[in-house]
Amino acid sequence: MMTPDRAAAFASTWYAAWNAHDLSAIMGHYSDGIRHSSPFIKRYNGTDDLAIEGKAAVADYFARALQRNPTLRFDPLHIATGLESVNLVYRRMTGDLAAEVFFFDAAGLVVRSVSHYG
């Protein structure tokens, strides 16, 4: 079960990994069977797929995101804790708001993530 302390610990390491552009540290948060959904998948992958599945495919997608955005930075705004999930609200380097929901397996790795932008 997710707790506020576990959610805060996850958020801290997740933001640190992204803001350091450390793909290995980023991917350390995800399970092998990760399913990631984002509005940017269609834009950057040229596909109508709603999600990317599997750690290798998600790592490739994230690597391209880091390459395309050398000034990428996420500034934390809020953490909402559910029973089996965490919702992180942050400001992107563009100034836009984003929210991402993460669902975890028993080992504490992300099995599903859903990004929202607006």
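Some ground rules before we look. Residues are numbered from 1 along each chain as its sequence is written, and side-chain values use heavy atoms, with hydrogens and water left out. Since the model is predicted, local features need pLDDT of at least 70 and side-chain atom pairs count only at pLDDT 80 or more, while totals for chains, interfaces and linings use all residues.

Okay, the sheet. When I say helix or strand, I mean DSSP runs numbered from the N terminus: H or I over at least four residues for helices, E over at least two for strands. Strands of a sheet pair through backbone hydrogen bonds, either parallel or antiparallel. I call two strands paired if DSSP finds at least two bridges between them.

So what is the strand order here? It goes β2-β1-β6-β5-β4-β3, an open sheet of six strands with mixed pairing. β2 and β3 (74–81) are the edge strands, and each pairs on one side only.

Let's walk across from the β2 side. β2, residues 52–53, pairs with β1 in the antiparallel sense over two bridges. You can find both partners by eye: R35 goes with E53, and H36 goes with I52. On to β6, residues 110–117: β1 and β6 pair in the parallel sense, over four bridges, and S37 stands opposite V114 there.

Next, β5 and β6 run antiparallel, joined by seven bridges, with A99 partnered by H116. Their hairpin has five residues between the strands, and in it G108 takes a positive phi near 85°. β4 and β5 also pair in the antiparallel sense over seven bridges, and L88 faces E100 in that pair. Four residues separate the strands of this hairpin, and G95 in the turn has a positive phi of about 95°. Finally, β3 and β4: antiparallel again, seven bridges, with P76 and Y90 as bridge partners and three residues between the strands of the hairpin.

How enclosed is β5? Six of its eight residues are buried, so β5 is largely enclosed by the rest of the structure. Buried, by the way, is under 20% relative accessible area, exposed is over 50%, and partly exposed is in between, using a 1.4 Å probe and protein chains only.

Now for α1. This helix has 16 residues and reaches 22 Å from its first C-alpha to its last, close to the 22 Å expected at 1.5 Å a residue; the expected span is 1.5 Å times one less than the number of residues. Which residues of α1 are buried? They are A7, F10, A11, W14, Y15, A17 and W18. They cover an arc of only 160° around the axis, which puts them on the same side of α1. That arc is taken from the directions from the helix axis to the C-beta atoms.

Then there's the core. In soluble globular proteins, nonpolar side chains tend to be buried together. A nonpolar core here is a set of buried Ala, Val, Leu, Ile, Met, Phe, Trp, Tyr and Cys residues joined through side-chain atoms within 4.5 Å. The largest one has 29 residues, and W14, W18, I26, Y30, F62, L88 and F102 touch the most other members. Elements that each supply at least two residues include α2 (23–27), α4 (55–68) and β4 (85–92). Who gives the most? That's α1, with seven residues.

F10, in α1, is buried at 8% relative accessibility and touches H29, L88, F102, F104 and V110. Over in β1 sits S31, which also counts as buried at 8%; among its contacts are K55, D105 and L109.

Last one: H21, in the loop between α1 and α2. H21 has a positive phi of about 60° although it is not a glycine.

Definitions and conventions. Contact means heavy atoms within 4.5 Å. Lists of a residue's contacts leave out its neighbours within four places in sequence.
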